[in-house]
Amino acid sequence: ASISRRDGVVVESVRSPEMVYVNGRHLVKGPWSIAPSVAKVKLGADRRLDMEITWQADVPIPDGYVPFLHWVDAKGEIVLQSSQDPAALGKTRRGTIGASAGTRVPESLEAGRTLELRVGFFRPDGGDRLPLVGPDDGTRRIRLGSIRLEGAGRDVTGVTWTPLEPTPDPLLARLNPADKPIDFGPIVTAGGCRVTRGGDALIITPLPEGREFTVRLRLAELPWKVAAPRYVEALDQAGKPQSRQEIRLEGDTLVIPCSPEVFAYRLAPG
């Protein structure tokens, strides 16, 4: 049994004559590996406030979610909202995504005011905001920095942008927020599961309360000799099969997508 660092990620593994357990420590309930940042903020003609924002999405931004960009006062209350075209996220909704966003500073806001930028993703049709990587204000808004309106009185002539000093998250340092598949030898996965024998079959039991992940299984490296499975059955908690399909192969590796809705999987030769 060990907690060790593999491929730069702190992971768990256990082997015994009866079972193999691995955990690549992907995020289960923690923040999605999506980190926002701002390159620049400027004030243009007609008090137009424009900025360039970057979303570093190491995992795809879920469909249906769109960005929100709140400028708030010292109490966290929204004073302004900038808008970003959701189409800027692209079709893959993953990778380094740069986008422009803007709004107009109303005449009611005078020089000397300070506003903080807090951003995130929400679903217009309802549902929770996405938990993102960064300094969360407790409402799933990431704090990025603040602007001070420069000038005199109602004559706002510019803005000064001060980014929030980033602080590392000690929890994320011991997890796998990028969902990086970890090579444990017989198993390659970013998730957590136990593999045991059940007669002439193999049983894969994912950790409960997880998210979807994929298990890649190398039969030759398991501690047992078993016939090559042809089918994978989804089992409920009583061990009753709920569905059955042929196993996908990549060379000599078995590829098993694991769903949080399934208690366990049975890999059978026929």
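Mentor: A polar contact is a pair of N or O atoms within 3.5 Å; within protein, one must be able to donate a hydrogen and the other to accept it, and residues adjacent in sequence count only if both atoms are side-chain atoms. This is a predicted model, in which local features need pLDDT of at least 70 and side-chain atom pairs count only at pLDDT 80 or more, while totals for chains, interfaces and linings use all residues. Residues are numbered from 1 along each chain as its sequence is written, and side-chain values use heavy atoms, with hydrogens and water left out.

Trainee: Is Glu116 buried or exposed?

Mentor: Buried means under 20% relative accessible area, exposed over 50%, and partly exposed in between, with a 1.4 Å probe and protein chains only. Glu116 has a relative accessible area of 14%, so this residue is buried.

Trainee: Which side chain makes a polar contact with the side chain of Thr160?

Mentor: Thr160 sits in strand E11 and, at 37% relative accessibility, is partly exposed. Its C-alpha atom is 5.3 Å from that of Ile147, 13 residues away along the chain. Beyond four places in sequence, Thr160 touches Ser146, Ile147, Arg148 and Glu150. The polar contact, at 2.7 Å, is with the side chain of Glu150.

Trainee: How many disulfides are there?

Mentor: A disulfide is a pair of cysteine sulfur atoms within 2.5 Å. The sulfur of Cys193 has its closest cysteine sulfur in Cys258, 6.2 Å away, so the two are too far apart for a bond. Cys193 is buried at 1% relative accessibility, and Cys258 is buried at 3%. The disulfide count is zero.

Trainee: How much space lies in the largest pocket?

Mentor: Pockets are found on a 1 Å grid over the protein atoms alone: a pocket is an open set of points with protein on both sides within 12 Å along at least five of seven lines, a cavity is a set where a 1.4 Å probe fits but cannot get out, and lining residues have an atom within 4 Å of a point. Points are joined across faces, edges and corners, and a volume is the space filled by probe spheres set on them. For the largest pocket, that comes to about 360 Å³.

Trainee: Which strand gives the most to the lining of the largest pocket?

Mentor: The lining has 19 residues, with Pro36, Gly134, Pro135, Arg143 and Pro166 nearest the centre. By class, 13 are nonpolar, three polar and three charged (Ala, Val, Leu, Ile, Met, Phe, Trp, Tyr, Cys and Pro count as nonpolar, Asp, Glu, Lys and Arg as charged, and the others, Gly among them, as polar). Strands E4 (34–43), E10 (142–152) and E11 (155–163) each supply at least two residues. With four residues, the top contributor is E4.

Trainee: And which strand supplies the largest share of the lining of the second largest pocket?

Mentor: That pocket has a volume of about 300 Å³. Its lining is made of 13 residues, with His26, Asp179, Glu212, Phe213 and Thr214 closest to the centre; the classes are six nonpolar, three polar and four charged. Strands E13 (187–189) and E16 (213–218) each give at least two residues. The largest share, three residues, comes from E16.

Trainee: What separates the C-alpha atoms of Pro62 and Arg93?

Mentor: Pro62 lies in the loop between strands E5 (48–57) and E6 (66–72) and is buried, at 17% relative accessible area. Leaving aside neighbours within four places, Pro62 is in contact with Trp32, Arg93 and Leu130. Pro62 and Arg93 are 31 residues apart along the chain, and their C-alpha atoms are separated by 7.8 Å.

Trainee: What is the phi of Arg25?

Mentor: Arg25 belongs to the loop between strand E3 (19–23) and E4, and is buried with a relative accessible area of 13%. Although Arg25 is not a glycine, its phi is positive, at about 60°.

Note on methods. Contact means heavy atoms within 4.5 Å.
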